[in-house]
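Q: I would like to learn how to read features from a model. Please show me the coordinates first.

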Amino acid sequence: QVQLVESGGGLVQVGGSLRLSCAASGNIFSILPMGWYRQVPGKQRELVATITRGGSTNYADSVKGRFTISRDNAKNTVYLQMDSLKPEDTAVYYCKADGIEKWGQGTQVTVSS
């Protein structure tokens, strides 16, 4: 059974940092591109960052220079280091594997001003 479990969210002040983790079950995840997404109530889910198996990354303009996506293929885990957080980063964050329509429960990130 394919599963994604996000963790690491919480409440943080403006300018603070958080590190999100996404643990994936199934070895297939170690070869697939992975992405972090976020969603605010009433808005569409948006792509935040992606990473290929080999470590090539892409970021949404809104997070470039502040967020860093990484992965540990041996552990089937993807990370999102979030620095210099802003109130507009408040959202539920999800990870997803490219080509697999499966979402985890997400992890809430709240940035207070």
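Q: Are Cys22 and Cys95 buried or exposed?
A: First, the ground rules. This is a predicted model, where local features need pLDDT of at least 70, side-chain atom pairs count only at pLDDT 80 or more, and totals for chains, interfaces and linings use all residues. Residues are numbered from 1 along each chain as its sequence is written, and side-chain values use heavy atoms, with hydrogens and water left out. Buried means under 20% relative accessible area, exposed over 50%, and partly exposed in between (1.4 Å probe, protein chains only). Cys22 is buried, and Cys95 is too.

Q: How many disulfides does the structure hold?
A: A disulfide is a covalent bond between the sulfur atoms of two cysteines. The cut-off used here is a pair of cysteine sulfur atoms within 2.5 Å. The structure holds one. Cys22 and Cys95 form it, with their sulfur atoms 1.8 Å apart. The link is right-handed, with 55° about the S-S bond.

Q: Which parts does the pair of Cys22 and Cys95 tie together?
A: Strands (E, at least two residues) are DSSP runs, numbered from the N terminus. Cys22 lies in strand E3 (residues 18-25) and Cys95 in strand E9 (residues 91-97), so the pair ties together parts 73 residues apart in sequence.

Q: How many salt bridges does a search of the whole structure find?
A: Side chains of opposite charge can pair when their charged atoms come close. The criterion is a side-chain nitrogen of Lys or Arg within 4 Å of a carboxyl oxygen of Asp or Glu. The search finds five.

Q: Which residue meets Glu46 in a salt bridge?
A: Arg38 does, at 2.6 Å from N to O. Glu46 counts as partly exposed because its relative accessibility is 35%. Arg38 counts as buried, at 6%.

Q: Where do Asp89 and Arg38 lie?
A: These two side chains also meet in a salt bridge, at 2.9 Å from N to O. Asp89 lies in the loop between strand E8 (77-82) and E9, and Arg38 in strand E4 (residues 34-39), so the pair ties together parts 51 residues apart in sequence.

Q: What is the distance between the closest N and O atoms of Arg66 and Asp89?
A: The closest N and O atoms of this salt bridge are 2.7 Å apart. Arg66 lies in the loop between strand E6 (57-59) and strand E7 (67-72), and Asp89 in the loop between E8 and E9, so the pair ties together parts 23 residues apart in sequence. Both Arg66 and Asp89 are buried. Through shared partners, salt bridges join Arg38, Glu46, Arg66 and Asp89 into one network.

Q: How many residues of E8 are buried?
A: Five of its six residues are, and E8 is mostly covered. Take Thr77, which is found in E8. Thr77 is buried, with a relative accessible area of 12%.

Q: Which residues is Thr77 in contact with, leaving aside neighbours within four places in sequence?
A: Contact means heavy atoms within 4.5 Å. For Thr77 the partners are Ser21, Cys22, Ala23, Ser70, Arg71 and Asp72. Separately, a polar atom of the Thr77 side chain lies 2.9 Å from the backbone oxygen of Lys75.

Q: In what sense do E3 and E8 pair?
A: Two strands pair if DSSP finds at least two bridges between them. E3 and E8 pair in the antiparallel sense over six bridges. Leu18 stands opposite Met82 in E8. E7 and E8 also pair in the antiparallel sense, over six bridges. There, Ile69 stands opposite Leu80 in E8.

Note on methods
Helix = DSSP H or I, 4+ residues; strand = E, 2+ residues; numbered from the N terminus. Polar contact = N/O pair within 3.5 Å; in protein donor to acceptor, adjacent residues only side chain to side chain.
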